[in-house]
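Q: I have a new structure open and would like to go through it piece by piece. Can we start with the terms?

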Amino acid sequence: MCTAATYKTKDFYFGRTLDYEFSYGEEVVITPRNEPFPFRYMAGMPRHFAVIGMACVAQEYPLYYDAVNEKGLGMAGLNFVGNACYAASPAKGKDNIAVFEFIPWVLGQCATVKEAGALLAKANLVGLPFNEQMPAAQLHWLIADREGAITVESVREGLRIYENPVGVLTNNPPFEQQMFGLNNYMRLSPKTPENLFSSELPLSAYSRGMGGLGLPGDLSSQSRFVRAAFTRMNSVSGCTEKESVSQFFHILGSVEQQRGCCDVGDGKYEITLYTSCCNASKGIYYYTTYENRQLTAVDMHHEALASTGLVRYPLIQEQQVKMQN
């Protein structure tokens with residue numbers, strides 16, 4: 001499972017969790033402006049906006065899971081198994097993009113959500129696998145900037161683009177159903193509830209936090225969407241960079257998965273493989289892993305963004321502990 005979210009403070013933050021037991025070998029990868037993005041059906045981009053994000057690098061190509069470009073536009077792909085539907089072949093008069101190229105294609109040339117929406121008007125997502133070992137992933141996407149967010153879904157009816165007012169996306173069901181499900185929780189509040197059950201009964205709040213009573217706590221994608229949306233919409237951050245980053249990880253922490261709680265058979269479990277947060281205004285990418293809870297950061301502007309060649313930072317997986325005595 002995956003969860004992506006945006007959080008707006010003085011700077012714009014974009015982040016996500018990725019939840020699998022096994023991975024392809026994730027790294028924080030910076031693609032400088034002059035490192036070409038080749039495309040299978042379209043002319044490549046010899047120059048583009050610099051991009052930083054979590055990726056698996058295969059054949060020197062960054063297969064981004066989530067990323068932010070130097071202009072502050074962020075994008076993440078989330079599992080959409082059973083609902084994602086891609087074109088089997090290129091279409092005339094369309095911008096034909098293989099699914100694994102989608103994030104580089106958008107972030108390489110768009111500075112805002114508005115620009116991304118205009119670009120997608122002619123897009124045709126093709127279900128071409130990267131290679132025989134890596135079939136086309138079934139995904140939908142969250143695209144966000146400091147002004148707002150959209151959800152993009154390629155389904156049987158075609159490419160669908162939705163305004164995303166909560167700035168949150170998880171896996172299935174489709175986004176319209178995720179949003180509709182929030183109607184079931186409109187009574188929830190961070191405030192202490194009043195007794196509306198009956199004026200004849202002396203009911204009272206016997207604990208703090210009862211305004212959120214009924215918030216789903218299971219690990220299904222829909223429940224995680226509700227929980228992340230409630231936390232994101234009601235949480236309050238401080239004003240500093242450190243306070244905002246800390247708050248964002250607390251938001252994403254509300255939907256973490258612990259090993260053993262989601263059994264997928266054969267002794268395998270879904271876990272929160274990594275959690276990431278990016279200050280999109282400054283190009284600083286923060287992350288934690290399942291075993292390493294310490295925040296680790298990579299600043300794209302500490303690299304030569306006008307150069308060529310991928311800049312790769314393997315994840316620090318071993319737990320880091322600061323001893324105080």
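A: Buried means under 20% relative accessible area, exposed means over 50%, and partly exposed is in between (1.4 Å probe, protein chains only). This is a predicted model, in which local features need pLDDT of at least 70, side-chain atom pairs count only at pLDDT 80 or more, and totals for chains, interfaces and linings use all residues. Residues are numbered from 1 along each chain as its sequence is written, and side-chain values use heavy atoms, with hydrogens and water left out.

Q: Okay. Is Glu 60 buried or exposed?
A: Glu 60 is exposed, because its relative accessible area is 54%.

Q: Which residue forms a salt bridge with Glu 60?
A: Arg 312 does, and the closest N and O atoms are 3.8 Å apart. A salt bridge here is a side-chain nitrogen of Lys or Arg within 4 Å of a carboxyl oxygen of Asp or Glu. Arg 312 is in strand E18 (residues 311-314) and Glu 60 in the loop between E4 and E5, so-called distant parts of the chain, 252 residues apart. Helices (H or I, at least four residues) and strands (E, at least two) are DSSP runs, numbered from the N terminus.

Q: And how many salt bridges are there in the whole structure?
A: A search finds nine. One of them joins the side chains of Asp 19 and Arg 224, at 2.7 Å from N to O. Asp 19 belongs to strand E2 (residues 12-19) and Arg 224 to helix H4, so this pair ties together parts 205 residues apart in sequence. Both Asp 19 and Arg 224 are buried.

Q: What does Arg 33 meet in a salt bridge?
A: The side chain of Glu 70, at 2.9 Å from N to O. Arg 33 lies in the loop between strand E3 (27-31) and E4, while Glu 70 lies in the loop between E5 and E6, 37 residues apart. Arg 33 counts as partly exposed because its relative accessibility is 31%, whereas Glu 70, at 18%, counts as buried.

Q: Which residues are linked in a network of salt bridges?
A: Asp 11, Glu 241 and Lys 282.

Q: What does E6 pair with?
A: Strand E5 (residues 61-69) is joined to E6 by three bridges, and the two run antiparallel. Strands pair if DSSP finds at least two bridges between them. E5 and E6 form a hairpin with four residues between them, and Gly 72 in the turn has a positive phi of about 100°. Six bridges join E6 to strand E9 (residues 139-144), again antiparallel. In that pairing, Gly 74 has Ala 144 in E9 as its bridge partner.

Q: Now the core. How many residues does the largest nonpolar core have?
A: It has 91 residues, and Phe 102, Trp 105, Val 106, Trp 141 and Ile 143 have the most contacts inside it. Strand E4 (residues 51-58) gives the most to this core, with seven residues. A nonpolar core is a set of buried Ala, Val, Leu, Ile, Met, Phe, Trp, Tyr and Cys residues joined through side-chain atoms within 4.5 Å.

Q: What is Val 106 in contact with?
A: Beyond neighbours within four places in sequence, its contacts (heavy atoms within 4.5 Å) are Leu 73, Met 75, Ala 116, Leu 119, Leu 120 and Ile 143.
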